[in-house]
Amino acid sequence: MQTRLLFLGPPGAGKGTQAQLLCKKYDLMHLSTGDMLRSEVSAGSPLGIEAAELMNKGELVSDSLVLSIVENRLNEASQGWLLDGFPRTVDQAEALSVLLGKIQQPIQAVVVITLDAEFLIKRLLGRGRTDDNETVIRHRLEVYKEKTAPLIAHYTKEGLVKTVKGDGDVLEIASRIEAVLS
Ligand code: ADP
């Protein structure tokens with residue numbers, strides 16, 4: 001089983017749910033930049049205050065801000081890890097590759113979870129987070145298409161991409177993911 005992983009896919013594809021299941025089962029460190037930013041927001045830290053405004057508009061927070069939170073965690077990684085929601089831009093991917101080169105822990109696989117836009121919107125509306133109203137959701141999907149989707153081509157070139165369909169039962173999707181990683 002590969003244990004240095006990256007999950008990619010549009011908002012609402014189920015990355016977080018699947019990441020949690022996989023990390024629990026294989027004892028991987030789950031690094032979700034969305035979760036880390038939300039905990040900064042609820043702690044009311046200066047970093048959280050800066051991030052909240054952008055998150056609630058569906059914009060990305062700055063590369064330097066997310067990089068600093070990921071870097072701290074990766075530096076202390078002793079077991080496998082799963083990056084969820086990061087990198088989200090080509091610049092972030094390049095910075096990540098430098099960082100992973102330094103700690104000599106290259107990515108072993110990039111799991112791309114796919115789902116049609118109509119399902120994504122339905123799921124996100126059902127979730128009810130503060131950044132989950134319809135206007136913001138549509139904007140997040142646009143930002144994904146423009147800034148994050150190009151990463152699929154980037155990692156395909158490196159031969160790392162495994163595509164998994166994100167429709168159906170949660171456990172069924174989990175076994176699809178395990179199958180491509182085994
Ligand atoms: P989703 O799973 O719906 O895509 P996340 O929880 O991953 O949502 O992220 C929520 C918000 O946090 C994003 O819309 C963005 O504002 C911010 N965010 C999370 N990760 C990053 C990142 N790597 N770079 C910039 N902004 C980020």
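A: Two residues are taken to be in contact when heavy atoms lie within 4.5 Å. On that basis, and leaving aside neighbours within four places in sequence, Thr-33 of this predicted model is in contact with Val-66, Val-70, Asp-84, Gly-85, Phe-86 and Arg-88. Thr-33 itself belongs to helix 2, which covers residues 33–43. Its relative accessibility is 3%, and because buried means under 20% relative accessible area, Thr-33 counts as buried.

The peptide bond that joins Phe-86 and Pro-87 is cis, with omega at about -5°. Pro-87 is placed in the loop between strand 3 (81–84) and helix 5 (90–102).

Most residues other than glycine have a negative phi. Asp-27, however, has a positive phi, near 55°. Asp-27 lies in the loop between helix 1 (15–26) and strand 2 (29–32). With a relative accessibility of 54%, Asp-27 counts as exposed, because the term applies over 50%.

Gln-104 likewise is a residue other than glycine with a positive phi, in this case near 50°. The loop that holds Gln-104 runs between helix 5 and strand 4 (109–114). Gln-104 is exposed, its relative accessible area being 70%.

Conventions: Residues are numbered from 1 along each chain as its sequence is written. This is a predicted model: local features need pLDDT of at least 70, side-chain atom pairs count only at pLDDT 80 or more; totals for chains, interfaces and linings use all residues. Side-chain values use heavy atoms; hydrogens and water are left out. Helices (H or I, at least four residues) and strands (E, at least two) are DSSP runs, numbered from the N terminus. Buried means under 20% relative accessible area, exposed over 50%, partly exposed in between (1.4 Å probe, protein chains only).
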